[in-house]
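Please examine the structure shown below. The paragraphs after it lead through selected elements.

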Amino acid sequence: MKDSSYLRGHRYFRDLNPGELDELAGFFSLFRGRAGAVLIPAGAPVEGLYLLEEGILKGEDGKGNDRVYTRGDTIGEDALFSPYAASGPVSVLEECRVLYLARSDYLLWKSRRPKGVKRLALPTGKDGPVKGAVLRESRIFWLAKTLPSLIFPPLFLARLLLRRRNGTFVEGDKLIFRYFRWKSLKNINLTIPLEQIQSVESGQKGLLSRLMKTGDLLVRVDGSEGHVLVKNIPRPREEQERILTLKRRAEETARAAKHRRIRRDIARWIRKEEGIELIEEGKSDNGAPKRKSSLFHRSLFVLLAQIWWLIILAGGCGGLYWGGKISSADWVQLPLAAVMILAGLILYRLVDWANDLFKVEGGYLLDVNRKPLGEERTSRQAELSAIQNVIAEQKGLWANLFDYGDIRIILSGSGQGLLWEGMKHPRRVQERILFERRAWLDGLEEKERLSQQEDLMLYCRFLSQELSEKNRSS
């Protein structure tokens with residue numbers, strides 16, 4: 001849906017900024033139904049939000065009572081927050097126009113507009129992340145290493161806060177490793193999709209580990225990362241079985257979702273025959289949702305780390321220039337020339353910092369390094385489907401305080417990959433790249449599925465024609 005004027009006046013979306021609203025409107029599909037048609041069949045899962053723009057619909061509430069939906073009413077708000085939302089059958093009483101927002105498209109918009117989500121007035125409430133199980137180091141091992149820091153209370157407090165943040169988190173269909181190294185002040189975030197896990201091994205070394213029922217967990221991963229080791233966790237065998245069970249469940253869920261999308265497309269064709277017609281769909285030609293390219297930037301603190309000493313020297317030379325000018329000294333032109341040279345160096349660094357391009361667009365990851373004055377231009381391009389993993393690292397005190405760091409992109413069949421240095425909000429960049437990769441792969445899969453379905457429909461039509469001709473001849 002290209003026009004966002006109707007959403008602008010709706011109570012759920014009127015607090016959004018124009019840019020946020022226009023982008024969200026691009027994900028809405030527009031349906032038109034005639035009287036007597038069935039919008040949501042009985043027992044069908046609801047996978048998105050239905051917003052009635054014109055007409056009258058008839059459905060059922062949670063208690064089985066009839067309910068009439070008029071202009072501005074919505075159906076399926078829970079589907080934006082849970083993949084298991086359900087609704088009773090909904091039919092068309094008067095010719096209607098219905099806007100539809102799929103849950104997958106909403107999650108994509110949410111990742112691009114995290115501040116806009118807070119301005120939504122959906123009745124379901126806050127859309128917070130679903131927290132999963134957490135694997136952390138055993139408390140006894142942690143206390144043994146942390147108690148000496150009680151001598152310096154701020155260090156003990158920092159270790160206490162980091163314990164809550166560090167660990168291995170199981171969220172949805174992925175494992176998230178977060179850990180902080182004190183010696184190098186290095187903060188690492190690693191996300192591993194469950195589908196990339198090859199094997200999980202558990203081990204217990206020594207009598208003390210057996211008595212305390214602690215051990216290590218080794219997760220072997222596809223790609224050049226090899227494996228990830230989690231040390232001194234309680235009940236390693238149980239955690240090993242649980243991760244493998246989650247991996248199997250995620251694979252089953254992915255297969256079920258694929259079949260569900262096939263059934264959804266078939267139901268869409270059936271609904272078209274019954275009177276529910278798709279007027280405009282919030283998809284692009286390649287089957288992926290319409291969205292703008294994702295552009296990433298280096299942190300401003302990276303630039304300041306390169307030019308702070310130039311700024312100080314320029315300020316000192318400027319002070320000498322004005323001091324010499326007041327006293328009418330003969331050497332007053334030397335500081336002025338130094339200021340001009342330093343200003344040129346600062347401008348060179350600024351242009352060099354702004355020229356680098358980090359972008360995700362059209363299924364490709366672009367990394368363009370451009371030097372000022374046309375000195376050098378290096379361009380690297382990789383397909384999103386070739387990305388194995390993305391690792392966010394923050395090295396040093398300043399990087400952790402001002403939230404910038406490096407992004408390492410692991411590519412299949414490549415031992416080197418891509419390295420983006422000094423990126424602003426590295427965890428957000430990591431999540432965005434992985435989300436864009438998943439969305440692009442889903443779009444390609446949907447395009448292939450639709451192509452196969454069209455071939456099947458053509459075959460069925462040809463077969464029906466052949467059978468009808470045989471019946472006539474007989």
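What follows treats a sheet, a helix and the cysteines.

This is a predicted model, in which local features need pLDDT of at least 70, side-chain atom pairs count only at pLDDT 80 or more, and totals for chains, interfaces and linings use all residues. Residues are numbered from 1 along each chain as its sequence is written, and side-chain values use heavy atoms, with hydrogens and water left out.

An open sheet is formed by 3 strands in the order E11-E12-E13, with antiparallel pairing. Strands here are DSSP runs of E with at least two residues, while helices are runs of H or I with at least four, numbered from the N terminus; two strands pair if DSSP finds at least two bridges between them. The edges are strand E11 (197-203) and strand E13 (227-234), each of which pairs on one side only. From one strand to the next, the twist averages 20°, an angle taken on a scale from 0 to 180 degrees between the N-to-C directions of axes fitted to C-alpha atoms. Strand E12 (residues 214-221) runs antiparallel to E13 and is joined to it by 6 bridges. Thr 214 has Pro 234 in E13 as its bridge partner.

Within H10, Pro 335, Leu 342 and Asp 352 are buried, that is, under 20% relative accessible area with a 1.4 Å probe and protein chains only.

Cys 96 counts as buried because its relative accessibility is 3%, and Cys 317 counts as buried at 16%. With a disulfide defined as a pair of cysteine sulfur atoms within 2.5 Å, the count comes to 0 disulfides.

Notes
Buried means under 20% relative accessible area, exposed over 50%, partly exposed in between (1.4 Å probe, protein chains only).
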